[in-house]
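Please open the model in your viewer and keep the selection tool at hand.

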Amino acid sequence: MGSTSDESRTPDRTTGATGTSTGTTATGPGRRDLIKRSAALGLISVPTMSFLSACASSGGGDEDKAEAGEKTAKNPLAVNDSAQLEFVLFDGGFGKEYAEDAVKIYEQNFPKAKVKFSATQKIQSTLQPRFNQGTPPDLIDNSGAEQMDMGVLAGKSQLADLTPLLDAPSFDDPNKKVRDTLRPGIVEMGQLDGDPVWIMYYAYTVYGVWYSQKALDSLDATYPETWDEMLAVCEKAKKKGMAGWTYAGKYPYYLPFSLYPMIGKVGGVEVLDAIDNLEPNAWKHPAVKACFEAYYELYKKGYVLKGTPGLDHIQSQTAWAKGKALFIPNGSWVENESANVMPADFDLAVSAPTGIDSSDKLPFGTIWASGGEPFIVPAKAKNTAGGMEQLRIMLSEASSKNFTTKVKSLTAYNGGTDGITLTPGLKSGVAALEKAGDNVVNPRLQDWYVQLQKEKIGVSGLGEMMAGRLTPAEAIKKIQGYADETAKDTSIKHYKHQ
Amino acid sequence: MQHGKYRFIVGFLAVPLGLYALFVIWPFIQSIYYSFTDWTGLSPEFEMVGFANYERMFDDDIFWKSLQHSLLFALVLPLVTIGLALFFAFMINVGGKRRRGGPVISGVRGSSFYKIVYFFPQVLSIAIVALLFAFAYNPDSGSINSLLRGIGLDSVQPLWLGDPGLALWCVMAVLVWSTVGFFVVLFSAGMASIPADLYEAALLDGAGRASTFFRITLPLLWDTVQSGWVYMGILALGAESFAVVQIMTTGPGGPDYSTTVMVLYVYQKAFRDGQAAYATTIGVALLVVTLAFAALVMRLGRRERLEY
């Protein structure tokens with residue numbers, strides 16, 4: 001996950017076929033018909049199995065790779081200038097225009113090469129069979145609800161190491177490596193274990209507490225830096241008939257967007273690393289307890305919008321945009337996603353999470369920001385150099401600016417915001433990143449252990465606690481149990497912070 | 001005419017049986033095979049792992065929860081849906097008051113209108129039904145809680161899908177709502193073929209509505225009810241329950257695993273977690289449950305066939 005597009009965070013919206021057959025015989029079928037029906041029932045009962053199996057079986061090992069081209073200053077990755085390039089993009093919240101623009105540059109630079117570009121939302125359904133056959137495309141934006149598990153792909157040697165790309169000179173400045181033009185954390189996020197970099201996250205997301213500056217001004221308040229101030233602001237809001245907080249109650253794994261960096265601020269980055277590494281008793285750290293208790297207090301004091309546990313992300317964002325609640329934990333995509341319900345004078349702003357008090361380990365401003373929109377180059381692709389070259393083009397300043405202008409999001413390219421007008425939320429995000437400086441945390445649970453993060457910690461732990469059905473102590477115990485279970489589970493791949 | 005009879009039959013059966021074997025039987029065998037491997041679904045490489053997936057499944061709390069919910073679906077949904085549908089169908093076709101000069105048996109006033117109304121949900125895709133109800137269950141501005149507020153019940157504002165005690169029942173209610181109409185039409189058709197003189201005889205003997213229903217209608221409708229039962233069970237175990245749980249519920253599958261069902265778990269394991277082999281293992285368990293359900297229904301429902 002770790003992707004910023006709308007579709008990637010929303011729950012998968014795939015729906016089963018509506019199996020309404022029309023077996024209306026007036027007198028009712030006999031026994032033989034019933035037998036037929038029970039056979040038909042088998043047909044329905046294992047649909048997933050059958051279409052899964054349709055795509056397995058023998059994989060071809062044909063390795064007819066494109067020959068390497070000539071390595072020059074303009075072509076540092078030695079792309080074969082006549083080899084075809086195939087690029088499959090996730091057609092989600094960011095659209096496809098930014099990628100089409102980048103493809104045009106590739107075609108200009110390699111006029112003899114044909115580029116086959118396609119955009120789809122069905123990444124897994126289209127590409128899974130091609131991985132199984134050993135004929136994947138050269139560059140994939142592996143994002144959205146149908147994202148393929150990259151831990152599994154890397155573990156099965158299906159991905160190319162992007163280190164050559166990172167060490168190549170950047171598109172704009174031949175004296176600077178691509179690696180040195182990226183925002184902090186991007187390269188590390190692309191590693192799973194060991195040195196190889198499997199994933200290039202292109203978008204850059206800022207997570208935190210989002211609010212309307214106008215609403216906060218109307219309460220005569222500034223964004224609270226300590227938890228006591230937070231409670232005071234919520235009390236003020238409550239007196240005006242406004243809830244302090246709301247969140248995506250049906251998908252409580254939105255809560256960590258502000259809760260995890262808060263834990264990092266209170267207890268230091270080591271606490272978050274220990275949690276990511278699934279260390280025993282990582283969740284029993286006092287910082288975790290303090291932050292859980294702080295959030296629980298929001299519920300206890302009635303500062304959470306009534307009915308929140310039954311709201312999905314869109315419903316909670318709508319209630320928040322309408323001014324029913326002041327704060328919401330979210331990511332920078334919210335500006336785009338809620339654009340149509342947000343009043344024109346909303347004045348969207350984001351802040352790093354509020355801490356407990358001045359004894360916190362890290363200063364106020366510690367924020368969670370990380371890459372989204374993961375691009376991968378399959379190891380078995382015919383033109384891996386071409387795939388990487390296309391990425392090198394996308395990581396240029398001009399392409400990055402183009403992306404930011406078109407889709408209101410930052411990219412992995414460090415900079416690229418000068419000279420363009422930023423929307424209120426984006427501007428506030430850039431300011432928050434500047435304030436954070438080096439104090440940018442990047443918890444990895446949501447990319448490493450999706451099930452643990454989403455349904456176990458999110459829904460069954462935090463969701464239950466914020467609905468008042470678990471106390472913080474019970475929630476911590478339950479979550480620690482889930483983490484231990486995941487650490488012991490041999491069927492999933494485990495990762496560690498380097 | 002005996003000459004060439006078998007060749008004639010085989011000629012007709014070969015194509016359908018071949019298709020059936022290719023698209024139903026063969027995938028079944030393949031799926032069972034994959035449940036003994038460690039296939040991820042994302043690469044062509046896999047190894048045999050014996051019964052490891054099955055051992056894991058038996059230790060998996062979430063699997064047991066989803067099995068429990070699926071069984072509850074298969075038990076409660078047919079019972080409620082078919083019970084309601086029988087009641088509605090009876091009232092529409094037989095349950096009306098006798099009017100002077102009218103036919104001996106008739107439905108309640110406006111029954112042809114009701115028949116159409118009950119069938120309406122059937123024309124909506126289950127995905128749309130689920131989305132509509134997700135809006136209705138919204139505790140903040142959904143129609144159900146708004147209605148409760150409107151009639152002065154401000155203190156009764158349940159979280160519906162956000163409440164682990166209610167969520168599963170909310171999902172079931174949606175399935176009942178969307179399928180009951182189909183069975184009303186199915187049973188109406190069945191009732192229409194019951195000869196009217198049987199009812200006349202019962203009326204002459206002084207039978208009331210209840211005894212007419214239990215002594216005449218239900219026994220003569222038994223075959224239809226039984227196949228309706230199996231069909232409803234399929235819906236409850238299969239695609240239909242997946243769609244509503246996936247679209248409507250917290251997580252999906254929650255809160256706190258209160259609505260997870262087997263099909264959802266198969267889907268999540270195969271397409272979210274990259275564990276296709278384990279997903280096929282759960283699929284095999286689902287197959288066993290479904291076949292057992294069908295066998296049970298047929299066994300319990302065995303009765304003498306009445307000729308009329």
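Select Trp283(A) and Phe292(A): both residues are buried, that is, under 20% relative accessible area, where over 50% is exposed and anything in between partly exposed (1.4 Å probe, protein chains only). This is a predicted model, in which local features need pLDDT of at least 70, side-chain atom pairs count only at pLDDT 80 or more, and totals for chains, interfaces and linings use all residues. Residues are numbered from 1 along each chain as its sequence is written, chains are lettered from A and ligands numbered from 1 in the order in which they are written, and side-chain values use heavy atoms, without hydrogens and water.

Aromatic pairs come next. Rings of Phe, Tyr and Trp (its six-membered ring) pair if their centres lie within 6.5 Å; planes under 30 degrees apart count as stacked, over 60 as edge-to-face and the rest as tilted. Over all chains, the count is 59 aromatic pairs. Now select Tyr207(A) and Trp368(A), a tilted pair with 4.5 Å between centres and 35° between planes. Tyr207(A) belongs to strand S4 (residues 200-212) and Trp368(A) to strand S8 (residues 367-376) of chain A, 161 residues apart; strands are DSSP runs (E, at least two residues), numbered from the N terminus. Tyr207(A) is buried at 1% relative accessible area, and Trp368(A) is buried at 1% as well.

Finally, move to chain B and select Arg56(B) with Tyr278(B). The charged end of Arg56(B) sits over the ring of Tyr278(B), 3.8 Å from its centre; the rule requires NZ of Lys or CZ of Arg within 6 Å of the ring centre and within 35 degrees of the ring normal.

Conventions. Helices (H or I, at least four residues) and strands (E, at least two) are DSSP runs, numbered from the N terminus.
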